[in-house]
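Let us walk through this structure step by step. Keep the sequence and the coordinates in view.

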Amino acid sequence: RACELARGAFGYAMDKGHLCGSLQSAALSFAAHGGYRYVSAAAHTAALCNFTGLGRRDVAAAQWASWELRPAHYVAVDHAERWIVIVVRGSFSIADAFTDLRG
């Protein structure tokens, strides 16, 4: 379950299967050119809920855009597991790579 919640931090891309199999390299190229910045925060949150089974009201906060030293993340409550979930997304953009280098 924890891995599923962590993967949910990729929002729209994960829910639509863009990070699986042969689509992975295309999605990473798309992300490198900023393609996912045009996906709304509401669409990312809806995708997170669809992918993980969390309810929209269970997502307390989410920041889908990332900037240098400010990675994308979300905070939610998983009632079934009785967890408070804090997830920081891994590298998915050029800004994320700069954060990794400076970390």
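Start with the whole chain. The model is predicted. Its secondary structure comes to 5 helices and 3 strands. Read from the N terminus, the order of elements is α-α-α-α-β-β-β-α.

Next, the packing. The protein chain has 103 residues, and 36% of them are buried. Now take the contacts between residues at least 6 apart in sequence. Of these, 48% join residues at least 24 apart. The surface comes next. The protein chain exposes about 6300 Å². Carbon and sulfur atoms supply 58% of that area.

Now the charges. Side chains of opposite charge can pair when their charged atoms come close. How many salt bridges does the model hold? The count comes to 3, with a cut-off of 4 Å between a side-chain nitrogen of Lys or Arg and a carboxyl oxygen of Asp or Glu.

Begin at Arg-1. This residue forms a salt bridge with Glu-4, and the closest N and O atoms are 2.3 Å apart. Both partners count as partly exposed: Arg-1 has 34% relative accessibility, and Glu-4 has 28%.

Arg-1 also meets Asp-78 in a salt bridge, at 2.8 Å from N to O. Where do these two partners sit? Arg-1 lies in the segment before α1 (2-7), while Asp-78 lies in strand β2, so the pair ties together parts that are 77 residues apart in sequence. Is Asp-78 buried or exposed? Asp-78 has a relative accessible area of 3%, so it counts as buried. Shared partners join Arg-1, Glu-4 and Asp-78 into one network of salt bridges.

Another salt bridge links Lys-16 and Asp-15. Here the closest N and O atoms are 3.9 Å apart, and the cut-off is 4 Å. Lys-16 has a relative accessible area of 45%.

Finish at Arg-82. Which elements flank this residue? Arg-82 lies in the loop between β2 (73-78) and β3 (83-88). The backbone at Arg-82 deserves a look. Phi is near 60 degrees, a positive value in a residue other than glycine. Why does Arg-82 count as exposed? Its relative accessibility is 78%, and exposed means over 50%.

Key. Residues numbered from 1 in each chain as written. Predicted model: local features only at pLDDT ≥ 70, side-chain atom pairs only at ≥ 80, totals over all residues. Heavy atoms only, no water. Helix = DSSP H or I, 4+ residues; strand = E, 2+ residues; numbered from the N terminus. Buried < 20%, exposed > 50% of the residue type's maximum accessible area, 1.4 Å probe, protein only. Contact = heavy atoms within 4.5 Å. Areas by Shrake-Rupley, 256 points an atom, 1.4 Å probe, with all protein chains shown as cover.
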